[in-house]
Structure formats: structure tokens, C-alpha cells
Amino acid sequence: MPHVGVSVLQIAVVLGALCGAFLGYFLEHFFIGRRLIEERAQLQALLHTQSEEAQRLREQALREAEETRRKALLDAREESIRLRAEIENENREKRAELQRLERRLAQREESLDRRAESIDAQARSLEQREEALAAAQREVETLRQQQVMELERLSGLTREEARATFLHLVEEECRHEAARRIREIEEEARKEGLQRARQVLVDAIQRCAVEQTSETTVSVVPLPNDEMKGRIIGREGRNIRAFETLTGVDLIIDDTPEAVVLSCFDPVRREIARIALTNLIIDGRIHPGRIEEIVHRAEQEVEERIREAGERAVLETGVTGLPAEIVHLLGKLKYRTSYGQNVLSHSIEVSHLCGLLAAEVGADIQVAKRAGLLHDIGKAVDFEMEGPHALISGEILRRYHESEAVAHAAEAHHHDVEPTSMEAHLVICADQISASRPGARREALETYVRRVKALEEIGDSFEGVEKTFAVQAGREIRVIVKPEKVDDLAAMQLAREMARRIEEQVEYPGQIKITVIRESRAVDYAR
């Protein structure tokens, strides 16, 4: 029983709680519904109020728009009235301006009419003058023809003959005047050019003082006594044969006291033979085995001298970056001569001159000096290769990757190819300066006589020349002309033409001066 009672009570409590919950839920929804209804009523009232306010604002805006429209219409009406007034004023001004222009045009037309009448009057006057002038011209032409006929009758010449005579006189006068003017211009240009060229060359030559030595194709070796000659020859000539075979040099033993002569066109072999023979004489032991040993030593010594000479030349000229093979070829030029002039000394001098001349004329100094030093490099191997030494020089320089400017200047210094650069012309000039110095080179008697004779023959070949003399070792030609056949202007032309022909036909170092002498003599006798 107690257990049953507790269960009923619990059920009652649960039922009470459920009823309370339902009642609370119902009351909550009831109050929420009422609140929603009140809020809806307030919202409707607010919407009604806003609708009335919007209506009021719309009506107010319509009233303002109407007011603005009426005001704009009034402003537009006032503006149109103002514009109309301005246009009317402007039209009045333009009409007044047009009236003024019309009056000016009328005045201009009147002025033009008066001027046209004046011009017509002047035209009639000019026509009358033209008629009078034409009549006067016809009269003048008639008088001129009469004068021409009278002149022809008096002079005995026709009009064409007189014209030809006059033109001939004018032509002669113009020719003389032109020749005189040409002579003045040439003289002025020659003075200025020669003065500038001489100054440049003199400065270069004075700053480059190189000792000149003359060398030959033979070397003389002194002997301590004449008995040494027999020892050099050896038994049945075996020593001299061995020496000549090993050195390639002719050993000349004659009656010259205490001396023997070494003869060879190759200066290197001749120098090796000279050193070897000198050492043999000092050593005193002369036999084929010793000769071979001494010659081998001499070859090494000459090779060392060649290397030192090449390095010294490079150091002296300041040319850097040369391959060892080129330096060796330069050293070989120490034992190479040209007309008795040492080629290495000549190359060093040409390098210095090229550098000085390039500095004066604004050329590339390094290229000029390099080309001047290497321009004769082909002479070191010209007996091994065929062709002119200048072309060989260019080929060697290109083979060792020298610049094209240096190779071209070297191969063009004897005009084997046409020089196209300023440095090439400088090498030509410096080469001629070095070669034409007094004492720099020897000239064979036969070549000298042939050149002098050729110069005199060229001078005698011109018309009006009485006699030609080559003086100062062929450096000057004095031409005596016949005064009755060659006047002063013709003498100038003769000298110019003779210089041109000498340049074309004769090879010569330096320059040749042509002096034309025209002498007039008047002779009479007093009795």
C-alpha cells in the first residue's frame, strides 16, 4: 500500500507539472500574440504617417518645380530679349561697316579709272617712243653696216678674218695671264708645302741621329804571321777544304801580308767563318776535327748575337708584343746589307722616323713605328723565298698574325702594292730618307754613270734645249735653252714636264732639282 500511494503522488506531481507547462506555453503565446498585434497596429500607424508625409513632400516638390519652371521661363525670356538686342546692335554696326566699305570701294574705283586713263595715255606715249626708237635702230644698223664695210675696205680683212684675229689675240693674252697666274699659285703652294715638309722632315731627322756604317761582302782576318797561312791551308789543302765546306765561305789566301780574306754574299755565314777562323788562329790547333768543333761554337755564338740584336732593336724602338720568330728574323738583319747599308740599323732608323713623322701629321704612331721596324723583315729570308722582299715582308707579318695595317704598310713601301693608308706613305717616306742620307749607301759606278746619262738624255730630248748638265752627283739638272725658242712661261712648263718624265723613267733616291736657264745676250761693236 505505501508503494502504491507514492506512485499516485508522483503521477499527480508529473501531471501538475505538465499542466503548468502547457498553461505557461499558452499564456506566453497569448501575450506574444497581443504584443504582435500592438506592434502591427503601431507599424500601420507609422506607415500611414509616412505616407501622409510623402504626399506632403511630393506636393511641395511639385510646387517648387512649378516655381522653378516659371522662373526659368522668365530668365529665358529675358536672355532672349538681351540677345536680340545685342544681335540688332551688331547688325547695325555691320551695316555701318558695309556702308563705309562701299564708299571706299567707290573711291577706289574712281581712283583706278583715273589711273587707267593715265596708263592709257602713257601707253600711247610709249608706242610713239618705240616707233621712234625702232626708226633710230634701223638708222644705227644702217650706219653700222656702212662702218663695217668701210672698215673692211680700209683694213683689207673680212669680218670673219678680223674676228679670228681678235680672238687669237685674246686667247694669247688669256694664255699668258693663265700661265702667270698658275706660276704664282704653284710658287706660293710650293713655298708653303716645301717649308712645312722641310720643317717636319728636319725635325724628324735631327731627333733621330743613327750612325751610318758601310759594309761589304768580304771580311779580312789578320794573321800573326805569314806562316799561319800554311797551317790554315793544311796538308794537301785539307784544312781549307774542311773550313770552306763547313762554313760555305770562300777563303782567299793571296800575297797580302799577314791577312786572309773571307768572301761570301751571305753575311751570316761570313760572320760565322770570321769568328771561327779568328778562334782557330788564337787556339793554334788547326785540323778538320778542331775546325768542325770551332765552327759549331761560332754558329751558336752568332745565333746568340742574332737573338740579342733582335731584342736590342725591339727595346730601342719601343715596339712590344712581337713573336720570338719575328725578333729572331730582326736579329738576322744585323748581318744583312743593302748597298753597303746595314739593314737592321736602317730598320731602326726608319722606325724612329716613322714615329716622329706620324706624331707631326696625326697618324697612328704605334702602327707607323711597328711597320717601320718590320718593313724589311723579308730581307732576312729573301734568299729562301721567291718574290720582292716587300711582299715577303707582308706575307711573314700576316703569318705571325700582325695587324693588317702593319702588313700593308710593309708590303707597300716599294709600291709593290698601292699604298692606301697614311702609315704606309710614312713608311715610304722614312725609308727613302734613311736610304738617301749621305754616306748611307754606296752606288756602283756603272749604275751612277747610267743614271746621270739617262738624266742628260731626257733633258736633251725636249725641243728648244741647247744643252743639259747633270751636276751634284745627279741630284740637280741644269738645262740651257735657246732664248729665241723658249720664253719665260715656256721655261716653267718645260721644267714641270721634264720633272714628270724623270719621275716616270728614272729610278733615283731622294729628289732631283731641275733648273732651266734662259739667257739673252745683246752684242754690238763700237768702231
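**Entry 1: what I am looking at**

I am working from a predicted model, so I keep that in mind throughout.

**Entry 2: the largest nonpolar core**

I began with the core. Which residues touch the most other members of the largest nonpolar core? I found Leu322, Leu330, Leu374 and Leu397, in a core of 39 residues. Next I listed the helices that each supply at least two residues to this core: H6 (288-317), H7 (324-332), H8 (343-361), H9 (365-374), H10 (389-399), H11 (404-411) and H12 (422-435). H8 gives the largest share, eight residues.

I then looked up Leu397 by itself. Setting aside residues up to four places away in sequence, Leu397 touches Ile326, Leu374, Ile377, Glu402, Val406, Ala407 and Ala410. Another core lies apart from the largest one; it has 27 residues, among them Ile240, Leu262, Ile275 and Tyr335.

**Entry 3: helix H7**

I stayed with H7 for a moment. Its buried residues are Ile326, Val327, Leu329, Leu330, Gly331 and Lys332. I noted the lysine in that list with interest, as Lys332 is buried. The buried residues of H7 pack against H6, H8, H9 and H10.

Is His375 buried or exposed? I get a relative accessible area of 0% for His375, and because buried means under 20%, this residue counts as buried. His375 sits in the loop between H9 and H10. Beyond its neighbours within four places in sequence, I find His375 in contact with His346, Ser347, Val350, Ser393, Ala410, His413, Val427 and Asp431.

With which side chain does the side chain of His375 make a polar contact? The partner is Asp431, at 3.2 Å.

That took me to Asp431, which belongs to helix H12. Asp431 is also buried, with a relative accessible area of 6%. The side chains of Asp431 and His346 are joined by a polar contact of 2.7 Å. Leaving out neighbours within four places in sequence, the contacts of Asp431 are His346, Val350, His375, Asp376, His413 and His414.

**Entry 4: cysteines**

How many disulfides does a search of the whole structure find? It finds zero. I checked Cys429 in particular: it is in no disulfide, and the nearest cysteine sulfur, that of Cys354, is 8.3 Å away. Cys429 is partly exposed, at 27% relative accessible area. Cys19 counts as exposed, with 53% relative accessibility.

**Entry 5: a three-stranded sheet**

I turned to the strands. I found an open sheet of three strands in the order S6-S7-S8, with mixed pairing. The edge strands, S6 and S8, each pair on one side only. On average, neighbouring strands of this sheet are turned by 20° against each other, direction ignored.

Then I went through the pairs. S6 (residues 465-471) and S7 (residues 476-481) run antiparallel and are joined by six bridges. Thr468 stands opposite Val479 of S7. S7 and S8 (residues 513-518) pair in the parallel sense, over six bridges. Val479 stands opposite Val516 in S8, and Ile477 has Ile514 of S8 as its bridge partner.

What packs on this sheet? I found helix H14 (residues 488-505), which touches S6, S7 and S8, and its direction makes about 150° with that of S8.

**Entry 6: two positive phi angles**

Last, I looked up the backbone at two residues other than glycine. Glu236 has a positive phi, near 55°. Glu236 lies in the loop between H3 (227-233) and H4 (238-247), and it is exposed at 72% relative accessibility.

His401 has a positive phi as well, near 65°. His401 is placed in the loop between H10 and H11, and its relative accessible area of 73% makes it exposed.

Conventions: Residues are numbered from 1 along each chain as its sequence is written. This is a predicted model: local features need pLDDT of at least 70, side-chain atom pairs count only at pLDDT 80 or more; totals for chains, interfaces and linings use all residues. Side-chain values use heavy atoms; hydrogens and water are left out. A nonpolar core is a set of buried Ala, Val, Leu, Ile, Met, Phe, Trp, Tyr and Cys residues joined through side-chain atoms within 4.5 Å. Buried means under 20% relative accessible area, exposed over 50%, partly exposed in between (1.4 Å probe, protein chains only). Helices (H or I, at least four residues) and strands (E, at least two) are DSSP runs, numbered from the N terminus. Contact means heavy atoms within 4.5 Å. A polar contact is a pair of N or O atoms within 3.5 Å; within protein, one must be able to donate a hydrogen and the other to accept it, and residues adjacent in sequence count only if both atoms are side-chain atoms. A disulfide is a pair of cysteine sulfur atoms within 2.5 Å. Two strands pair if DSSP finds at least two bridges between them. Axes are lines fitted to C-alpha atoms, for helices over the stretch in contact, and angles run from 0 to 180 degrees between N-to-C directions.
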